[in-house]
Amino acid sequence: MYGRRPGGGGAPRRPGGEPGGRVVGRHAGSVADYSYSKALKSSDLTWDEATLDRWLTNPSALVPGTKMFFQLSSAQDRADVIAYLQLQK
Ligand code: HEM
């Protein structure tokens, strides 16, 4: 229903949870076989603590036209997820 996730197979997956799916320090839209939105591909973002926090707060505010609509409104939840993603570096 939501389509594939970057680095994923058929089911929704989280970039940080995949083998080779590291996200911190990576350029946005750079997983070779994933069909990103044009918006994300041309965003010229690098994923770090600050950009991930803005992304998870509201992806469309950071990258208008993105196809990720999932949001984490809790700052604590965002901090926890980002801390987890940083462990996958
Ligand atoms: C804690 C949960 C999540 C995190 C940390 C997360 C993080 C990310 C990141 C960092 C990207 C950009 C990847 C890249 O540049 O290669 C991304 C893309 C994407 N995510 Fe998520 N995501 C989460 C949950 C979800 C959920 C639940 C969905 C769908 C139900 C979703 C759908 C997508 C889609 C469709 C894209 C591609 C966006 C585009 O091409 O414009 N994400 N996500």
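## Basis

Residue numbers start from 1 along each chain as its sequence is written. The model is predicted: local features need pLDDT of at least 70, side-chain atom pairs count only at pLDDT 80 or more, and totals for chains, interfaces and linings use all residues.

## Fold

The protein chain has four helices and zero strands, where helices (H or I, at least four residues) and strands (E, at least two) are DSSP runs numbered from the N terminus. The order of elements from the N terminus is α-α-α-α.

Of the 89 residues in the protein chain, 20% are buried (20 or more other C-beta atoms within 10 Å of the residue's own, with C-beta atoms placed from the backbone).

## Helices H2 and H4

Helix H2 (residues 49-57) and helix H4 (residues 75-87) have axes that come within 10 Å and cross at roughly 135 degrees; axes are lines fitted to C-alpha atoms over the stretch in contact, and angles run from 0 to 180 degrees between N-to-C directions.

On the H2 side the contact (C-beta atoms, placed from the backbone, within 7 Å) is made by Glu49, Leu52, Asp53, Leu56 and Thr57, and on the H4 side by Arg78, Val81, Ile82 and Leu85.

## Confidence

The average pLDDT (the predictor's confidence in each residue, from 0 to 100) of the protein chain is 85, and 76% of the residues score at least 70. Residues 7-12 have pLDDT below 50, and this stretch has 12 contacts in the model beyond near neighbours in sequence. Where pLDDT is low, the predicted coordinates should not be read in detail.

Notes:
A residue is buried if 20 or more other C-beta atoms lie within 10 Å of its own, exposed if 12 or fewer, and partly exposed in between; C-beta atoms are placed from the backbone. Two residues are in contact if their C-beta atoms, placed from the backbone, lie within 7 Å.
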